[in-house]
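Please examine the sequence and the model shown below.

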Amino acid sequence: MNRIRNLQGSTLVLTLLALLWVVVVFVLLVLKPSVFSLATVTTILQFSTILALVSLGQAIVVMAGGAGIDLSVGGIVSLSAIFGMLALKAGLPSFLLPATCVFAGAVLGAFNGILVTRLSILPLIATLGTFFIYSGLALALTGGAAQSGVPGWLLIWGRSVFSSIPAPFLTIAIPVFAIAGIVLMWTAWGRWIYAIGFNERSAHLVGIPVDRARLILYGLSGALSGAAALISLAWLGSGRPNIGQNLELESLTAAMLGGIAISGGRGGVGGVFAAVILLVTLKTGLLQLNVNTVWQLGIVGALLVFVLLADRLSQRWR
Amino acid sequence: MLKHIRKALAVSALSFAVSSAAFAQDKPKVAFVPQLIGIPYFNAMEAGGNRAAKELGVDFIYSGPVDTNPVDQLQIVQNLIDQGVNAISVSVLDASSIAPVVAAAEAKNIKLFTSDSDAPDSGRAVYVAQATDEGLGATIIDELVKRVGEEAKIGIVSGEATASNLNAWIGFMQKQASAKYPKLQLLEPQYAGGTAERAAQISGDLMAANPDIKAIIAVASTTCPGVAQAIETAGKIGAVIGAGYCSPNTARSYLKSGAFGFTVLWDPAQLGYLTVWAGKQLIDGKAFEAENKVPGFDNPVTYDATKGILLLGPPAVFTAENVDKFDF
């Protein structure tokens with residue numbers, strides 16, 4: 001019974017997001033037909049890539065319940081990017097840079113996991129602390145200066161476009177979302193995550209290693225942030241110590257908008273993906289119409305409230 | 001659900017009516033992307049840009065991030081390119097704010113250039129610079145000598161000891177002093193970090209240790225209030241002149257009280273004007289001359305072809321008399 005209701009919930013969110021997306025696109029079409037070019041599609045996907053990866057990490061942490069939240073994702077992105085560039089300067093062979101960024105992210109994420117599961121610190125507090133530690137460390141290590149010297153072959157990958165789809169989106173974001181979707185829907189592992197999030201105690205009683213699973217999920221979230229850091233390097237051509245600024249809240253917004261229940265146990269990666277695309281499309285559309293950026297913040301907030309309200313009302317009607 | 005769609009349609013119809021009026025004209029479009037919106041400095045640049053747009057017959061688009069985040073800035077630049085404006089000027093937070101899009105802009109024949117803050121090796125068309133470090137350093141010494149004479153003792157209070165722009169200014173002050181005014185005595189720079197309190201303390205100590213000191217230069221804008229307050233509380237208004245690189249809004253009350261004789265900076269409104277003018281030149285395909293006549297500028301604007309820098313001109317000097325004309 002629960003499973004059916006979950007399904008209905010996420011289908012509802014997906015429909016709603018798709019509909020909103022159509023509305024945004026329609027309004028844009030009416031207001032500014034010139035927007036409709038393949039270049040705009042490329043732009044939207046380009047700016048979605050980093051947010052999509054980070055939001056996926058945020059989503060799986062929230063989904064696993066126990067008040068799970070990862071406020072440090074932005075800090076992890078900044079610090080992994082800086083760590084990768086510093087390692088490169090210290091003589092790391094450049095072909096190891098991708099692995100270094102992802103690994104650094106995974107370690108930083110796992111540290112969150114240890115704080116939360118082994119030391120039983122509330123995730124909100126633990127990751128707020130590590131958010132300051134990581135982003136502060138990224139600034140301190142560089143003195144606030146951008147780190148240049150990204151290898152040329154990485155830039156070629158980061159800036160190339162295949163039939164309007166940016167290479168990082170095609171080669172990292174899409175596969176990662178596909179894998180996450182398959183794991184969550186069709187494997188025991190995926191079921192475990194929902195079970196932990198839905199009812200931690202019963203999950204524990206049926207023998208699911210709750211703490212270990214959560215530790216791994218925090219690590220995975222970190223690794224995804226590390227991958228986002230790598231993409232930022234390949235795309236921008238330098239490591240910025242504050243590249244992850246605001247990602248914690250943006251990713252949380254995307255996860256909530258995508259139908260992930262803040263209490264855990266409900267939601268799917270499809271919704272998160274749709275939410276990211278919707279958010280970036282909306283932002284792009286407003287920029288194309290030259291709407292003041294200050295208003296954009298408010299509009300995103302209103303959208304979030306609207307979708308959550310619709311979701312809540314639909315549950316009450318049932 | 002039908003209700004939502006209907007509402008959305010109504011909203012879109014309404015905004016269509018509004019925007020079709022706004023997009024009716026077909027003038028060349030020049031955009032400026034600041035580092036951050038909502039601060040007086042860039043507001044002044046926007047005002048200057050708007051004035052230029054009206055006088056030169058272009059559309060001026062001013063759009064910037066709400067946080068100093070290079071990705072947000074890049075996104076704005078990218079969207080301006082997709083929109084197909086004719087020229088885009090950016091006060092870059094970092095070279096990465098434009099590096100990924102230089103090629104895209106070129107492909108669409110959009111003039112991408114920097115203003116206020118530069119990314120030298122990015123392939124930008126031109127850099128509209130506010131002032132040179134040399135000009136800022138020399139101007140403050142020249143203006144001080146006018147007021148206290150050539151045989152004065154002058155203290156220097158800076159901000160962070162590691163700030164490269166501040167150190168460059170101090171270097172040019174010392175150079176100007178030794179080259180033009182050999183009898184002028186510049187004391188060793190003191191570093192106050194980022195706080196006004198520390199600057200006040202240092203200035204107080206400077207005046208106590210050097211009773212014959214004639215002037216104190218506040219190099220970082222954060223040190224201006226501290227230096228001024230120290231001069232005021234020591235009761236040395238008139239005997240010691242404060243000066244520095246700070247905005248009219250920061251220095252206004254001290255200029256009025258007499259604690260500060262003058263401050264040196266540039267006028268961001270003029271910089272905004274020059275930015276739009278440069279965009280128009282680029283769109284029209286006119287090359288910059290070594291000296292350019294710009295409407296509304298007293299002096300010709302110089303262009304350094306080797307570095308690709310269009311220079312606003314000598315720094316502006318703000319005094320008690322003219323400070324009320326500026327708001328930034």
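## Domains of chain B

What distance separates the centres of domain 1 of chain B and domain 2 of chain B, taken over C-alpha atoms? In this predicted model, the two centres are 32 Å apart. Domain 1 of chain B is made up of residues 27–130 together with 268–312, and domain 2 of chain B covers residues 133–265.

## Lys153 of chain B

Lys153(B) belongs to strand β6 of chain B, which comprises residues 153–158. Is this residue buried, exposed or partly exposed? Lys153(B) has 16 C-beta neighbours inside 10 Å and therefore counts as partly exposed, since a buried residue would need 20 or more and an exposed one 12 or fewer.

When neighbours within four places in sequence are set aside, Lys153(B) is in contact with Gln185(B), Leu187(B), Asn210(B), Asp212(B), Ile213(B) and Lys214(B). Asn69(B) is 84 residues from Lys153(B) along the chain, and 43 Å separate the C-alpha atoms of these two residues.

## Two helices of chain A

In chain A, helix α2 spans residues 38–63 and helix α7 spans residues 167–186. Their axes come within 10 Å and cross at roughly 30 degrees. Because angles under 35 degrees count as roughly parallel, α2(A) and α7(A) are described as roughly parallel to each other. Their crossing is left-handed.

Which residues meet where α2(A) and α7(A) are in contact? From α2(A) come Leu45(A), Ser48(A), Thr49(A), Ala52(A), Leu53(A) and Leu56(A); these meet Pro168(A), Phe169(A), Ala173(A), Val176(A), Phe177(A) and Ala180(A) of α7(A). By class, this contact has 10 nonpolar and 2 polar residues, with no charged residues.

Conventions. Residues numbered from 1 in each chain as written. Chains lettered and ligands numbered in written order. Predicted model: local features only at pLDDT ≥ 70, side-chain atom pairs only at ≥ 80, totals over all residues. Axes fitted to C-alpha atoms, helices over the stretch in contact; angles between N-to-C directions. Helix = DSSP H or I, 4+ residues; strand = E, 2+ residues; numbered from the N terminus. Parallel < 35°, antiparallel > 145°, perpendicular 65-115°, else oblique. Left-handed = near helix turned anticlockwise from the far one by under 90°. Contact = placed C-beta atoms within 7 Å. Nonpolar A, V, L, I, M, F, W, Y, C, P; charged D, E, K, R; others polar. Domains from an automatic or database assignment.
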